[in-house]
Amino acid sequence: GINAEYGVVSTSTLVMDTSQKSAPEKKQKQTKKRKLTKPIEKDPKKRKLQRRNNQPIYNAKVIWEKARVKTLDPLLREQLFDQILDITKDLIPEMARQNGASRVLHSMLKLGSKKHKIAVFEKLKSELLDLVNDKYGHHIVAYLYKYYQKGRTVILKALYTRIRDLLTRKYPSRVIESIYIDTKATKHVIRSSLIEELYGIEFALFKVKEKRTFDTIVAQDPSKKTKILEYLSDWIISLSSKHPSVLSHTITHSAILTFFENANFSQISTVLLALEERTLHMVHTDDGSKIVCLCLDYGNTKIRKAIVKSWKGFVAKMCLEEYGHRVIAKALCTVDDTKLLRKFVVSEMIPILKQICCDKFGRFCLLVLFSVTTKFFPPKYLELFRIKKVPSQEDPKQMVPASKKDHETRRKELLLTLIDPLIQLSTTYTYLLLTSNFAKDVIYQTILYLANDPTKQKLILDAIVKIVDPPEDAYIEDDQNNEPIDKEPENQNQSDPKNTRVTKKKKNRKSSCDKHKT
């Protein structure tokens, strides 16, 4: 590597020499660093304790295990919470972002005294927006709003002007939903102040003390109606395509229902394409079920088919829900494609037909196929089931009914699949259906429907006669498990009232579906 003539070392040889020497030097440095570091703890609990600030948080959890007992004396619990505050005075923001430690703050806000709530709030009020976006921190913000009333204005000020953006995120949307459904917020301006931010930027920036709704805004300035509806439609389309899980919140249902009730047919048709496969997220609330019913009214054949197909596997659950049964009943009296309904709706109803008949809400899904009258349905149901008129495809100025098929034809086609299971149910569980306050209407309508088929009608009537006037050798079914009771032995002492068996049912005796589950 040395030039003998000039006594100069070449640069190429220098690079090679340094590269050869650098490799072992690096290894020596690495070995030195490894010797300096502590050995890695294999036990995960001990490894957690080695982290910074974890020892005081661990001690706080140990005290919390004693403080969270419900039967504990309130004075003793207050002393334990004081100890937790002394240990973790400056670590509350860090605890709010941890899975286990955040539960300590939950109990302190729920069971603690006023000074404990103030101490937690003072440490977290500057980090509310960061906590709202955190996996565990957003629960702390919701608890602060629920249990510390004096901090509500500070929390709302932190959220205002950002409601539209926060509703598109998973964790912040939960906090806004908990604020919206709060019982005290219903009679206050809070609900309207949250929803009005979805109407436009000006309503988010300029707040008023009075309650503002869509109707009051349009009454003051009618020119704002088109801008608000355009703003709402853009938000609904982006929400359904990018953030479908947020569609399950009540606040989003209120905003979407406002759009459907005030928009024209062309504006609604653009939103229907985005919501056709997302209706399952909305059937569990009052406003959400109304939205799905409107989608069935205004949707064409293709959209209705996509909506009904999206319910696959959930029809049985929807039939027994407080608001979901409305959607099923609306589909049965609106959708013209009865083959589609038999495949995706009726086929899932047949296995739980007994529960549907005896259920407070499920019976409406069957009664809608017999008669839609005030005898069984309240006025709000009749308004919901009424077929709306939509613009004709040939002439948009001409209004035509949304459903072309006659209701009488539709119900006959659907009952072709349901009538035989209903007859079998009526003959097998006759006593249960007759004594149930909800199922008796179903069996009554089934008998009336079979007036043109006396042979099938006689099967149900004979089963009823056996219960009303049973033969001497007939057994009486047990009311608890629907099984026959053995006859009393002949040699039993009949004079003793304790030994006599009751063989007659009391009149007007109520029976519920839960007692007769098979």
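View 1: Why does K135 count as partly exposed? K135 counts as partly exposed because its relative accessibility is 45%, and that label sits between buried (under 20% relative accessible area) and exposed (over 50%), worked out with a 1.4 Å probe and protein chains only. You're looking at a predicted model, where local features need pLDDT of at least 70 and side-chain atom pairs count only at pLDDT 80 or more, while totals for chains, interfaces and linings use all residues. Residues are numbered from 1 along each chain as its sequence is written, and side-chain values use heavy atoms, with hydrogens and water left out. You'll find K135 in the loop between α8 (128-132) and α9 (137-147). Helices and strands here are DSSP runs numbered from the N terminus: H or I for at least four residues makes a helix, and E for at least two makes a strand. K135 and Q98 are 37 residues apart along the chain, and their C-alpha atoms are separated by 8.7 Å.

**View 2: The whole protein chain, for orientation.** The protein chain has 30 helices and four strands. Of its 518 residues, 41% count as buried. Now for contacts, meaning heavy atoms within 4.5 Å: among those between residues at least 6 apart in sequence, 65% join residues at least 24 apart. The chain exposes about 30,500 Å², and carbon and sulfur atoms supply 53% of that. Accessible areas like this one come from the Shrake-Rupley method with a 1.4 Å probe, and for residues only the protein chains shown count as cover.

**View 3: Helix α22, tucked away.** Why is α22 (residues 324-332) said to be largely enclosed by the rest of the structure? Nine of its nine residues are buried, so the rest of the structure largely encloses this helix.

**View 4: D441 and the residues it touches.** D441 sits in helix α29 (residues 439-449). It counts as buried because its relative accessibility is 18%. Leave out residues up to four places away in sequence, and D441 touches R363, L367 and F376.

View 5: Side chains of opposite charge can pair when their charged atoms come close. A salt bridge here means a side-chain nitrogen of Lys or Arg within 4 Å of a carboxyl oxygen of Asp or Glu. How many does a search of the whole structure find? It turns up 21 salt bridges. In one of them, the side chains of D90 and K123 meet at 3.3 Å, N to O. This pair links distant parts of the chain, 33 residues apart: D90 is in the loop between α4 (74-87) and α5 (92-95), and K123 is in helix α7 (residues 114-124). D90 is exposed, at 63% relative accessible area, whereas K123 is partly exposed, at 32%.

View 6: E413 and K405 join side chains in a salt bridge of 3.0 Å, N to O. Both partners are partly exposed: E413 at 22% and K405 at 26%. R411 and E408 make a salt bridge as well, at 2.8 Å, N to O. They are three residues apart in helix α27, so about one helical turn separates them. R411 is buried, at 11%, while E408 is partly exposed, at 34%. Elsewhere, salt bridges with shared partners join E196, E197, K207 and R212 into one network.

**View 7: Two surface patches, one positive and one nonpolar.** Patches are built from residues with over 30% relative accessible area and no salt bridge, joining like charges within 9 Å and nonpolar side chains (Val, Leu, Ile, Met, Phe, Trp, Tyr) within 5 Å. Lys and Arg count as positive and Asp and Glu as negative, with His and the chain ends not counted. Each charge is placed at NZ of Lys, CZ of Arg, CG of Asp or CD of Glu. The positive patch is made by K305, K309, K312, K339 and K343, and α20 (301-309) and α23 (338-349) each supply at least two of its residues. K305 lies in α20 and is partly exposed, at 39%. In the nonpolar patch, I201, L205 and F206 have about 350 Å² of accessible area together. I201 belongs to helix α14 (residues 201-205) and is exposed, at 54%.
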